[in-house]
Number of protein chains: 2
Amino acid sequence: MTAPAIRSGRAVSEGGSRRLILDMAARLLRSGGYHQTTLREIAEAVGIRKASLYHHFASKEEIVEAVVTDGVRFVHEAVAAALEAAVQAGPRQRLEAAVAAHLSALHGHGDYTSAAIKVFTFGSGPTPQGVRLSRRLYEDVWRGLVAELQQAGAIAPGRSPEALRLFLLGAMNGSIDWYRPERFDIGVLSREFAALVAPDGQGIAS
Amino acid sequence: MTAPAIRSGRAVSEGGSRRLILDMAARLLRSGGYHQTTLREIAEAVGIRKASLYHHFASKEEIVEAVVTDGVRFVHEAVAAALEAAVQAGPRQRLEAAVAAHLSALHGHGDYTSAAIKVFTFGSGPTPQGVRLSRRLYEDVWRGLVAELQQAGAIAPGRSPEALRLFLLGAMNGSIDWYRPERFDIGVLSREFAALVAPDGQGIAS
DNA sequence: TCGACTACCTACCGTCCGGTAGGTAGTCGA
DNA sequence: TCGACTACCTACCGGACGGTAGGTAGTCGA
């Protein structure tokens, strides 16, 4: 009685299965983290048998790594693009744009970025080197931005740049626990974040 | 050949087994979260067989709940005591004291508080009602403190108090991912945190 | 001394995990 | 038309999971 679904050899999309697997894995990883997410769940969400996942990926780790790498790359590119678009703006506006881009990548777009944060903020699963590297590179974007803000005098003198960066990233990533699109607006939140780090009346513009 | 260890009926301490189990569970939960921590690991760390855990607790959930509840209560009491001790100080000093108490509970003391955050920041395991309640009560402490700061004019006008509280808690709890006692000083960090939320030159003292 | 009780133990349960072996239907270039 | 290839399938593996059944030493009050 269980409808066997339409099976048709090459299925609907050619080669799209890999993306579909990653999409479903990202969704499940986002809500459950590494250990709660099982290959059976992923396979079921995709609509195939668990063993078929091994036709596209060699292991669970490989699937998770692909999701996490994509997630980090996505938020990295979004923030880099936002900073490039605001290259002529003042430091405060650049900060606000970067924060908005980060939060949008986290909440507005797919599940990849949230999944990435869930997975390696847990510290649960094994963290491959490629993931560590891409994460490091993304952190450097913020390191650079904080340094730029400090150089422009936009942040209060005496603040530790490293503490500032950790505070900011931690607070933004922590929003996956409380952000609800109907309760908060990313633009408003970004202004709040930026105002904390670079208060009004500070910097070259004043 | 496997040394059967010293078995002696009532063992070393009377009734202390329960605490020992929770101590070990807290340590494991802190580093592994809910799903990675197994009853076998806990039992091994304690030095008893897995089935013996059920003499003290009815289920894994009950153990985890006890650890989490203790962790929240500990940080709650620490922050409340710090605020009480600084009842005569200015708002900025009170904020700094609360932040220092929270961070100390997280990093300076046992594993309970970090375990609590790891467990329900994951959103992994089931969250019993008792845990939700104690967490809510603790959040109210910060809600009250932010309101007090706002009333005293210590934070910039126009800031959303709820956003401020969420940022602060998120950033502090995020520190479990990067805090290392040899790289950071809790006193210094607390001053950094407080300076962001309640910048100098603001409030009744100026 | 003897029953109740405490704090453990060994042995086992069904279930689910990630992963593997080997098969099969459809597609496509030669 | 036919072999190679792709994309899936069924069936199974050993092992780990949380949890249960039932037993056994030691303690202690009556």
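A quick word on the ground rules. This is a predicted model, with local features needing pLDDT of at least 70 and side-chain atom pairs counting only at pLDDT 80 or more, while totals for chains, interfaces and linings use all residues. Residues are numbered from 1 along each chain as its sequence is written, chains are lettered from A and ligands numbered from 1 in the order in which they are written, and side-chain values use heavy atoms, with hydrogens and water left out.

Back to the meeting place. On chain A, 25 residues are in contact with 26 residues of chain B, where contact means heavy atoms within 4.5 Å. Two salt bridges run between chain A and chain B, a salt bridge being a side-chain nitrogen of Lys or Arg within 4 Å of a carboxyl oxygen of Asp or Glu. Side chains of opposite charge can pair when their charged atoms come close. One such pair is Arg159(B) with Glu192(A), whose closest N and O atoms are 2.9 Å apart. There are also six residue pairs in polar contact between chain A and chain B, both residues at pLDDT 80 or more. A polar contact is a pair of N or O atoms within 3.5 Å; within protein, one must be able to donate a hydrogen and the other to accept it, and residues adjacent in sequence count only if both atoms are side-chain atoms.

Which elements give two or more residues to the side of chain A that touches chain B? They are helix H1 (17–36), helix H6 (112–122), helix H8 (161–174) and helix H9 (186–197) of chain A. H9(A) gives the most, with seven residues. Helices (H or I, at least four residues) and strands (E, at least two) are DSSP runs, numbered from the N terminus. By class, this side of chain A has 13 nonpolar, seven polar and five charged residues. Ala, Val, Leu, Ile, Met, Phe, Trp, Tyr, Cys and Pro count as nonpolar, Asp, Glu, Lys and Arg as charged, and the others, Gly among them, as polar.

Now follow two of those helices into chain A itself. Arg30(A) counts as partly exposed because its relative accessibility is 26%. Buried means under 20% relative accessible area, exposed over 50%, and partly exposed in between (1.4 Å probe, protein chains only).

In helix H8 of chain A, Glu162(A) and Arg165(A) sit three residues apart, about one turn of the helix. Their side chains meet in a salt bridge of 2.6 Å, N to O. Glu162(A), at 24% relative accessibility, is partly exposed, whereas Arg165(A), at 5%, is buried.

Chain B has a pairing of its own to look at: the side chains of Asp70(B) and Arg19(B) meet in a salt bridge of 2.6 Å, N to O. This pair links distant parts of the chain, with Asp70(B) in helix H4 (residues 60–85) and Arg19(B) in helix H1 (residues 17–36), 51 residues apart. Asp70(B) is buried at 16% relative accessibility, and Arg19(B) is partly exposed at 42%. Over all chains, the structure holds 22 salt bridges.

Last stop: the DNA. Of the 17 residues around DNA strand C, Arg40(A), Lys50(A), Tyr54(A), Arg49(B) and Ser52(B) come nearest. A backbone N or O atom of Arg49(A) is 2.6 Å from a phosphate oxygen of DNA strand D.

Key: Near = heavy atom within 4 Å.
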